[in-house]
Amino acid sequence: MAPVTHPDRYGESIDFWQNVNGINMSAMLPLAKQCAFEEPSVESISGENVLTWPHVVKHEDFYTIAIDELESVTTRYKFRSMMRAPLHGFAFWFNVEFGWPAASPIIPQASVLPTAPSSNPSMDGSKRKKRTNQNEALVLSTAPEDPPTHWQNTLIYSYDPIDVEQDQLIEGSATITQSKENL
């Protein structure tokens, strides 16, 4: 996770109400903020939106984790802003490292599974990063600085931006809980 600035998104969702075809609709701002920012937003951002180095919320080994360990995750964070900008919220993303566990009963550690070339150009590897060492794990990243994926990023916006200065400390805690609808 990392704090982000996203003036374009904020402008489209909120600042728009200051002047709607010459009419001041700022009385709609509280409702507009609630509608736009009450729920986490799934969208793509770029590395330019990120104000700090990221913080790892949780690192898990999916060979050993129990499902209930993922229902709620709490983390304390401490960031130092790398620039002066409005903080609009926090972005979350994930990286998945595909590798074999040290002792897998299913797949021998040193095996490399061959793949046939695909007729689909986006799937044949011609447009994706190649691993130079087949023994290294393959990483799927949804980080803002990496090419976008269909998973995108999850953003939690503040109702009002907070101006931060370069080198300003941003600290607190966050709890991420699985929604009741997705149990």
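This is a predicted model: local features need pLDDT of at least 70, side-chain atom pairs count only at pLDDT 80 or more; totals for chains, interfaces and linings use all residues.
Figure 1. The chain has 183 residues, and buried residues make up 28% of them. Take the contacts between residues at least 6 apart in sequence: 80% of them join residues at least 24 apart.

Figure 2. The mean pLDDT of the protein chain is 84, and 82% of the residues reach 70 or more.

**Figure 3. Helix α2 and its buried face.** Here we look at helix α2, which spans residues 29-37. Its buried residues are Leu-29, Ala-32, Lys-33, Ala-36 and Phe-37. Viewed down the axis of α2, these buried residues fall within an arc of 100°, so they line one face of the helix. The general rule behind such a pattern is that an α-helix has 3.6 residues a turn, so residues three or four places apart point the same way. What lies over the buried residues of α2? The cover includes helix α1 (7-13) and strand β7 (153-164). On the face of α2 turned away from the buried side sit the exposed residues Pro-30 and Cys-35.

**Figure 4. Strand β4 and its partners.** Strand β4 covers residues 85-92, and seven of its eight residues are buried, so the strand is largely enclosed by the rest of the structure. Strand β1 (residues 2-4) runs antiparallel to β4, and three bridges join the two. Strand β7 also pairs with β4 in the antiparallel sense, over seven bridges. Gly-89 of β4 is a handy landmark for both pairings: Val-4 stands opposite Gly-89, and in β7 the bridge partner of Gly-89 is Tyr-157.

Figure 5. His-6 sits in the loop between β1 and α1. Is this residue buried or exposed? With a relative accessible area of 12%, His-6 is under the 20% cut-off and therefore counts as buried. Leaving aside residues up to four places away in sequence, His-6 touches Glu-43, Ile-45, Asn-49, His-88, Leu-155 and Tyr-157. Ile-45 is 39 residues from His-6 along the chain, yet their C-alpha atoms are separated by 8.2 Å. Among the other contacts of His-6 is Tyr-157, the β7 residue that bridges to Gly-89.

Figure 6. Asn-49 belongs to the loop between β2 (41-43) and β3 (72-80). Like His-6 in the previous view, Asn-49 is buried; its relative accessible area is 13%. Which residues does Asn-49 touch, not counting residues up to four places away in sequence? They are Pro-3, Val-4, Thr-5 and His-6. Val-4 is the residue that stands opposite Gly-89 in β4.

**Figure 7. The largest pocket.** This view turns to the largest pocket, where about 1,900 Å³ of space lies. It is lined by 40 residues, and those closest to its centre are Lys-58, Phe-62, Trp-93, Phe-94 and Asn-95. Strands β5 (95-98), β7 and β8 (169-177) each supply at least two residues of the lining. Which element gives the largest share of the lining? Strand β5 does, with four residues.

**Figure 8. Two residues with a positive phi.** Although Asn-21 is not a glycine, it has a positive phi of about 50°. Asn-21 is found in the loop between α1 and α2, and at 80% relative accessibility it counts as exposed. Gln-152 is not a glycine either, and its phi is positive at about 55°. This residue lies in the loop between β6 (138-141) and β7. Gln-152 is partly exposed, with a relative accessible area of 29%.

How values were computed
Residues are numbered from 1 along each chain as its sequence is written. Side-chain values use heavy atoms; hydrogens and water are left out. Buried means under 20% relative accessible area, exposed over 50%, partly exposed in between (1.4 Å probe, protein chains only). The arc is that of the directions from the helix axis to the C-beta atoms. Contact means heavy atoms within 4.5 Å. pLDDT is the predictor's confidence in each residue, from 0 to 100. Two strands pair if DSSP finds at least two bridges between them. On a 1 Å grid over the protein atoms alone, a cavity is a set of points where a 1.4 Å probe fits but cannot get out, and a pocket is an open set with protein on both sides within 12 Å along at least five of seven lines; lining residues have an atom within 4 Å of a point. Grid points are joined across faces, edges and corners, and a volume is the space filled by probe spheres set on the points.
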